Amino acid sequence: MSKEAVKRVLVTGAYGLIGNSVFTHLAARPERYEAFGTVRRELPSTRIEKGDFHLVPKERLRVADLGDIDAMRRAARGMQVIVHMA
């Protein structure tokens, strides 16, 4: 049985209620996923309980508005999967 390659995954809305949960789930499995996140602003959703929020490391965080196609292209470059939660 061959070992699967680590997948590079971009989660949009990584500081939103669901997006942060998805990012955290993927990041906890580094043997399977290299998780990255995009955010519109570097503040967590007010709907996330303080103890439940997980910070995306700076080197894996992309600040980009979904309406800015060039910023989103840069954020998605090199990704194999995009999980759209924004």
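A: The buried residues of α2 are covered by elements including β1 (7-12), β2 and β3 (61-63). Cover here rests on contact, meaning heavy atoms within 4.5 Å. Helices (H or I, at least four residues) and strands (E, at least two) are DSSP runs, numbered from the N terminus.

Q: Which residues of α2 are buried?

A: In α2, residues 69-76, they are Ala71, Met72 and Ala75. They span an arc of only 100 degrees around the axis, so they sit on the same side of α2. That arc is taken from the directions from the helix axis to the C-beta atoms. Buried means under 20% relative accessible area, exposed over 50%, and partly exposed in between (1.4 Å probe, protein chains only).

Q: Before I go on, what kind of model is this, and how are residues numbered?

A: It is a predicted model: local features need pLDDT of at least 70, side-chain atom pairs count only at pLDDT 80 or more, and totals for chains, interfaces and linings use all residues. Residues are numbered from 1 along each chain as its sequence is written, and side-chain values use heavy atoms, with hydrogens and water left out.

Q: What comes just after α2?

A: Gly78 does, with a positive phi of about 85 degrees.

Q: Back to β2. Is Thr38 buried or exposed?

A: Thr38 is buried, at 2% relative accessibility. Its strand, β2, covers residues 33-39.

Q: What does Thr38 touch, leaving out residues up to four places away in sequence?

A: Thr38 touches Leu10, Val11, Thr12, Gly13, Ala14, Arg62, Met72 and Ala75. Met72 and Ala75 are two of the buried residues of α2.

Q: Now the loops. Where does Ile48 lie?

A: Ile48 is in the loop between β2 and β3. Ile48 is buried, at a relative accessible area of 11%. Leaving out residues up to four places away in sequence, Ile48 touches Tyr15, Gly16, Leu17, Asn20 and Phe53. The C-alpha atoms of Ile48 and Tyr15, 33 residues apart along the chain, are separated by 8.7 Å.

Q: And Gly67, buried or exposed?

A: Gly67 is exposed, with a relative accessible area of 68%. Its place is the loop between β3 and α2. From the C-alpha atom of Gly67 to that of Arg40, 27 residues apart along the chain, the separation is 9.9 Å.

Q: Zoom out. What is the element order?

A: From the N terminus on, the protein chain runs β-α-β-β-α-β. Its radius of gyration is 13 Å, close to the 12 Å that the globule rule gives for 86 residues, so the chain is as compact as a globular protein of that length. The radius is taken over C-alpha atoms, and the rule is 2.2 Å times the number of residues to the power 0.38.

Q: How much of the chain is buried?

A: Of the 86 residues, 28% count as buried.

Q: And what share of the contacts links residues 24 or more positions apart?

A: Such pairs account for 74% of the contacts with a separation of 6 or more.
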